[in-house]
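Reader: I am new to this structure. Please pick one part and take me through it closely. Then show me how it connects to the rest.

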Amino acid sequence: MKCLNDFVLKLKNKEFAPLMLGGMGVDISTADLAVAFANNGAIGHISDALTTAVADKNFKTTFVRDRLKKFKFNKDNDDKNIEQFDLDDIRRAQKMHVKDAMSAKKGNGGIFINCMEKLTMNNPRDTLKARLESALDAGIDGITLSAGLHMNSLNLIKNHPRFNDAILGIIVSSTRALKIFLKKAQIVSRLPDFIVVEGPKAGGHLGFGMDWADFNLKKITQEVIDYLKNLKLSIPIIPAGGIFNGKQAVEYMNMGCSAVQVATRFTVSVESGLPDKAKQAYFTAKKEDIIVNYLSPTGYPMRMLKQSPVIGSGLAPNCESYGYLLDKGRCSYIDSYNKTKSELKNPTDKVVVTDKMCICTQMRKYNVWTCGVNTYKLKKTSKQDQNGNYILPPAKEIIDEYLYSK
Ligand SMILES: Cc1cc2nc3c(=O)[nH]c(=O)nc-3n(C[C@H](O)[C@H](O)[C@H](O)COP(=O)(O)O)c2cc1C
């Protein structure tokens, strides 16, 4: 019987262990976590979600404070169109973030960055271009385009000197989405170097509706394999979502996949960016605690623990500090907050917004405990100390379990 490490992932002319850490914003897949993968010959993702806020946290810059100072005057105006990001700030923050991870890499593996299209930043085109270009400038090994169809993303960086040499991939949840992306990729004569097929059991935002349970990762993966075969295209396929151990990973390799992408097991690792309180909540979670809802202003459903502190919160919108979800000056949380506030019986009552969340502030504060379907199984992967707390495994231990267990 084979183990995952008996297979090799080939991307361009490079070889990797066939295990990829999925990007987990906001700084849950930290540089330390990504580096642990790279140092073991595999691939780790950092995420560029809230990159300027992450730079402030990690490198003591003042991007968020400066932004607030600049736009405070507009706080009471629901139209936030004027609150544009400074593209130079984005570039500087992104470069610090990428260089920090790249400089810590010691092994033969790779460090990639996960770039979500839905992070519209009040100017979707230019802010995404700045994020992608500066990641390439800073020497990132690869970019994974996520949370969106990315119809124009390759076009945005087609003139970058590293356009052909960097490893570029896309996350899709259906053959339909892949078809759309490939059509656009052909226009710039640049096919993706890998395709992550993310199924309905993943953490974070889902590429499915509330009928997610009707879909099956193996089935979608097989459809993508057949589709590419028909087109005579040989692009590595990397399934993601619910692959909990090495044995399950090998099942996908035997179908013809090139690697697997995983995340949930690593949310509770020592290197994960989640606070300890959240890690313990992930360990103790029961199956019925894991829910899918539409609280995210992106419009995509999101899976999270029902104990997430964000649920039942009614924070005042904070776009002057963050504003990463703004699009044409709007965010659906602002509308929900205002509606809830206007319906209060007593104006001094606490605001509790039930249909949307202030995702920027709440993700930045680690109050959104997003997770994969299998989170309730984490407790079986660790032991409790004498105080009843689960012991956090180092990433290396989990990586080895995926790579070498049979
Ligand atoms: C805590 C958490 C945060 C995530 N955040 C993101 C994200 O910011 N962008 C993204 O494309 N995927 C995100 N994901 C999805 C993962 O990258 C990955 O594809 C998926 O969760 C793999 O399935 P697994 O968690 O069952 O191993 C997240 C997953 C988790 C568990």
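Author: Start with one word. A residue counts as buried if 20 or more other C-beta atoms lie within 10 Å of its own C-beta. Keep in mind that this is a predicted model.

Now look at helix H10, residues 276-284. Its buried residues are Ala278, Lys279, Ala281, Tyr282 and Phe283. Lysine is on that list too: Lys279 is buried. These buried residues pack against strand E13.

Follow E13 next. It spans residues 302-305. It belongs to an open sheet of 3 strands, in the order E9-E13-E12. The pairing is antiparallel. Strands of a sheet pair through backbone hydrogen bonds. The edges are strand E9 (204-205) and strand E12 (290-293), and each pairs on one side only. Between E9 and E13 there are 2 bridges.

Gly204 leads on to the ligand. The ligand has 30 residues around it. Gly204 is among the closest, together with Gly22, Gly203, Thr264 and Gly372. By type, the shell holds 12 nonpolar, 16 polar and 2 charged residues. Two strands each supply at least two shell residues: E5 (110-116) and E11 (260-262).

The largest nonpolar core has 121 residues. Val260 is one of those with the most contacts inside it, as are Leu19, Ala34, Ile143, Ile195 and Ile238. Helix H1 (residues 31-38) gives this core its largest share, 7 residues.

Val26 sits in the loop between strand E3 (19-21) and H1. The peptide bond that leads from Gly25 to Val26 is cis, with omega near -5 degrees.

Two further loop residues have a positive phi without being glycine. Leu50 has phi near 55 degrees. It lies in the loop between strand E4 (43-47) and helix H2 (51-59). Lys232 has phi of about 55 degrees. Its loop runs between helix H8 (217-230) and strand E10 (237-240).

Their surroundings set them apart. Leu50 has 24 C-beta neighbours inside 10 Å, so it counts as buried. Lys232 has 6 C-beta neighbours inside 10 Å, so it counts as exposed.

Notes:
Residues are numbered from 1 along each chain as its sequence is written. This is a predicted model: local features need pLDDT of at least 70, side-chain atom pairs count only at pLDDT 80 or more; totals for chains, interfaces and linings use all residues. A residue is near a molecule or strand if its C-beta atom, placed from the backbone, lies within 6 Å of it. Helices (H or I, at least four residues) and strands (E, at least two) are DSSP runs, numbered from the N terminus. Ala, Val, Leu, Ile, Met, Phe, Trp, Tyr, Cys and Pro count as nonpolar, Asp, Glu, Lys and Arg as charged, and the others, Gly among them, as polar. A nonpolar core is a set of buried Ala, Val, Leu, Ile, Met, Phe, Trp, Tyr and Cys residues joined through C-beta atoms within 7 Å. A residue is buried if 20 or more other C-beta atoms lie within 10 Å of its own, exposed if 12 or fewer, and partly exposed in between; C-beta atoms are placed from the backbone. Two strands pair if DSSP finds at least two bridges between them. Two residues are in contact if their C-beta atoms, placed from the backbone, lie within 7 Å.
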